[in-house]
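Visitor: Could you walk me through this structure? I have a few questions ready.

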Amino acid sequence: MVDRLVLGCGDLCLSLSSTIRDWEGELLVLDPDEHRVEHLRDLSVSAETGDVTKTEAIRAASIEPDVIIVLMDDRERATEVAYAARDVYPEAYVLSLPGVTGTSSQVPAAVDSVLSPGSMVLDAIDDNYGGVLHEQLAGLRTTLQGMSGTLVICTHDNPDPDALGAALALRAIAERFEVSAEICYFGDISHQENRAFVNLLDVSLRQLERPADIGGDHLALVDHSRPGVNDQLPQGMPIDIVIDHHPAEELPDADFMDVRSSVGATSTLLIDYLEGYDIDIGTDVATGLLYGIRVDTRNFGRETTGADFEAAATLLPHADLDALERIESPSMSPYTLETIGRAIQNRRVEGTILTSCVGSIQSRDSLAQAADRLLELEAIDMTVVYGYTDETIYLSGRAKAGRLDLGFVFRRAFDDIGSAGGHESMAGAQLPLGIFEAVETETEENGLRSMVAGQIENRIDDALDTRRRER
């Protein structure tokens, strides 16, 4: 149940009075004009007299609101009212009207969102800004407004389009609240489509070599939720913000957290905040988010929800479709083609499960492309392709929707020896290479590949058996 305080009662407020009295939750209109207040009471609308520009009057109102709605005709006075309301109720969600506060670029910092008049006002006030969404919008706003200094937005290692799109959106949201932000990552952006994404959208990123390089005053994680898991941050590092769509068995202690596995992409979650704060969605942000959603849902064919379709529909008018086409059609590098070939040659098939060790790798992204391609083989429901560098084994898995929970399988198989995560149809892991790392000759390399394959595939088989027993 959401309680609402309406400050000021202009002509629009009076015309809506027969509707607002039927809203669920407690409602109070506060206005300095005694005649208006009496008129509202005659219409069975709860109303009190008070100077809405004064914090004392707002504090004395007989309601503790979740949402504050400024419905005044005078823009300058309405802005004064919004700041007074924010002082009294810093956690409340504050809405106003374009005729009051101007366009979205003129919205004062005290106002969370601007609404259009008419039925859209009623729908948004009554439905969209209550319950969980209200709490999330208020929580992120409070966290950002409490920051001083730079916010570092850290993606997972070797970021994919969903992580990059979400990071771009979070940076735009931070700037809305006058917080300087930069996007950082560990690893490489080697997948040809991801490189095209960064180059065509001119995404400003900082590559990190070691944890000490991160700098900044505050830290946000997007598209992953725990420091030290799928990134090179120290475990237990203080986190301010986490926004992710992957299920997690354990979450960090962050000031603000939005982890929802009910959507197909982290980029989808960011639409709630861009719309909730009435932020104009720029072309680069819209293109990045739309591409992130398309990639993580495999063009809306994998774990796609209604929210993903709605988010895409919101983004489509703002996105650069020509740039999207160029991003999605880059040339494949010879090395990626070679990795796919090795994955086919070294494949092991047990029933509908295909695993393949490709040996030493230069690019982790090539594993994901190989796993995607092999999933297209007839009678295959799950693929796991893995390889290693001097120090780390990397795994990428794909599964057809509804067949098994690949994220569960990866966490059960590898969480005790490395970091693993994902969701039903897409997962990844990275493990220390350990005792197998000292290899120099081709013969030794073949032996290493066999030893790694034996360990990995035994763990996958055990995790699959556990999953089948528990179903």
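This is a predicted model: local features need pLDDT of at least 70, side-chain atom pairs count only at pLDDT 80 or more; totals for chains, interfaces and linings use all residues.

Guide: Residues are numbered from 1 along each chain as its sequence is written, and side-chain values use heavy atoms, with hydrogens and water left out.

Visitor: In which order do the six strands of the open sheet lie?

Guide: Strands here are DSSP E runs of at least two residues and helices are H or I runs of at least four, numbered from the N terminus. Two strands pair if DSSP finds at least two bridges between them. The pairing is mixed, and the order is 13-14-15-16-18-17.

Visitor: What is the bridge partner of Gly421?

Guide: Strand 17 pairs with strand 18 (residues 426-432) in the antiparallel sense, over five bridges. The partner of Gly421 sits in strand 18, and is Gly428.

Visitor: How many residues of helix 15 are buried?

Guide: Buried means under 20% relative accessible area, exposed over 50%, and partly exposed in between (1.4 Å probe, protein chains only). Helix 15 (residues 365-374) has buried residues including Leu367, Ala371 and Leu374. They pack against helix 9, helix 14 (334-345) and strands 14, 15 and 16. Of the 10 residues in helix 15, the buried count is nine.

Visitor: Which side chain of opposite charge is nearest to Arg364?

Guide: Arg364 lies in the loop between strand 14 and helix 15, and its side chain makes a polar contact with that of Asn230 at 3.1 Å (N or O atoms within 3.5 Å; within protein, one able to donate a hydrogen and the other to accept it, and sequence-adjacent residues counting only if both atoms are side-chain atoms). Lys and Arg count as positive, Asp and Glu as negative, with His and the chain ends not counted. A salt bridge needs a Lys or Arg side-chain nitrogen within 4 Å of an Asp or Glu carboxyl oxygen. Arg364 is buried without one, and the nearest opposite charge, 4.6 Å away, belongs to Asp157.

Visitor: Is Asn199 buried or exposed?

Guide: Asn199 belongs to helix 9 (residues 192-200). Because its relative accessibility is 59%, Asn199 counts as exposed.

Terms used
Contact means heavy atoms within 4.5 Å.
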